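Colleague: I would be grateful for a close look at one part of this model, together with its setting in the whole chain. Please take the side-chain pairs in turn and state where each partner lies.

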Amino acid sequence: GELGAQDNIDFPLDNYTFRAEYGTTYGSALVGAIRLRQVRVGGIPCSIVHGKLVRSGLVRGSECYPGWPDAVEETVYSKENGTRVDWNGSIYTYQTEDETQQVGIQGKFGFYPGSGFVADMTL
């Protein structure tokens with residue numbers, strides 16, 4: 001509408017909802033702390049073909065993973081050549097749904113549990 005046609009000098013588009021001349025304009029509003037939750041797939045044995053590709057140098061890494069619907073959730077952070085960042089918190093510790101206080105959700109590729117590895121960002 002008209003607000004979109006105006007320049008950002010008159011109505012700065014930031015991350016908040018504000019009243020405009022013709023009603024309320026909605027943007028993104030941070031209403032709480034940010035939480036990143038990673039659900040990890042447990043590895044499975046690789047195929048013989050994958051092993052040959054690694055040995056020939058065409059593929060790096062020796063871990064293989066199934067698609068999410070067939071996967072078993074990984075509960076221990078252990079990745080080959082995994083990098084650990086220094087972080088204030090327990091991002092490398094698996095948390096259950098009771099600990100995260102998150103419920104599972106139906107996503108595009110399957111049902112995702114409320115558990116996982118969690119990073120809470122402070123404001």
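Modeller: Read from the N terminus, the elements of the protein chain follow the order α-β-β-β-α-β-α-β-β-β. The model is a predicted one, and its protein chain holds three helices and seven strands. The chain has 123 residues, of which 20% count as buried. Its exposed surface comes to about 9500 Å², with carbon and sulfur atoms supplying 54% of that area. Among contacts in the chain with a separation of 6 or more, 49% are between residues 24 or more positions apart.

Is arginine 40 buried or exposed? Arginine 40 counts as buried, because its relative accessibility is 12%, and the cut-off for that class is under 20%. Its side chain has a polar contact of 3.1 Å with the side chain of glutamine 38.

Arginine 40 also takes part in a salt bridge. The structure has two salt bridges, and one of them pairs glutamate 74 with arginine 40, with 3.3 Å between the closest N and O atoms. Glutamate 74 belongs to the loop between H2 and E4, whereas arginine 40 belongs to the loop between E3 and H2, so this pair ties together parts of the chain that are 34 residues apart in sequence. The C-alpha atoms of glutamate 74 and arginine 40 are separated by 5.2 Å. Glutamate 74 counts as buried because its relative accessibility is 11%.

Aspartate 120 is paired with arginine 35, and their closest N and O atoms are 2.6 Å apart. This pair links distant parts of the chain, since aspartate 120 is in strand E7 and arginine 35 is in strand E3, 85 residues apart. Aspartate 120 is partly exposed, at a relative accessibility of 41%. Arginine 35 is likewise partly exposed, at 32%.

Strand E7 also contributes to an aromatic pair. The count of aromatic pairs comes to one. Tyrosine 94 and phenylalanine 117 form it in an edge-to-face arrangement, with 5.9 Å from centre to centre and 70 degrees between the planes. Tyrosine 94 is in strand E4 (residues 94–95) and phenylalanine 117 is in strand E7 (residues 116–121), so the pair ties together parts 23 residues apart in sequence. Phenylalanine 117 is buried, because its relative accessible area is 3%.

Tyrosine 94 has a further partner in serine 115. The side chains of these two residues make a polar contact of 3.0 Å. Serine 115 is located in the loop between strand E6 (111–112) and E7. With a relative accessible area of 4%, serine 115 is buried. Apart from neighbours within four places in sequence, serine 115 is in contact with Arg37, Val39, Glu73, Tyr94, Gln95, Thr96, Glu97 and Thr100.

Valine 49 is a residue of helix H2. Its relative accessibility is 54%, so valine 49 counts as exposed. Val49, Leu53 and Leu58 make up a nonpolar patch on the surface, and together they have about 290 Å² of accessible area. Glycine 51 is also in helix H2, but glycine 51 is buried, at a relative accessible area of 18%. From glycine 51 to glycine 61 the distance is 9.4 Å between C-alpha atoms, and the two residues are 10 apart in sequence.

The remaining salt bridge joins aspartate 120 to arginine 35, and tyrosine 94 is both the aromatic partner of phenylalanine 117 and the polar partner of serine 115.

Notes
Residues numbered from 1 in each chain as written. Predicted model: local features only at pLDDT ≥ 70, side-chain atom pairs only at ≥ 80, totals over all residues. Heavy atoms only, no water. Helix = DSSP H or I, 4+ residues; strand = E, 2+ residues; numbered from the N terminus. Buried < 20%, exposed > 50% of the residue type's maximum accessible area, 1.4 Å probe, protein only. Contact = heavy atoms within 4.5 Å. Areas by Shrake-Rupley, 256 points an atom, 1.4 Å probe, with all protein chains shown as cover. Polar contact = N/O pair within 3.5 Å; in protein donor to acceptor, adjacent residues only side chain to side chain. Patch = residues over 30% accessible without salt bridge, like charges linked within 9 Å, V, L, I, M, F, W, Y side chains within 5 Å. Salt bridge = Lys/Arg side-chain N within 4 Å of Asp/Glu carboxyl O. Phe/Tyr/Trp six-rings, centres within 6.5 Å; stacked < 30°, edge-to-face > 60°.
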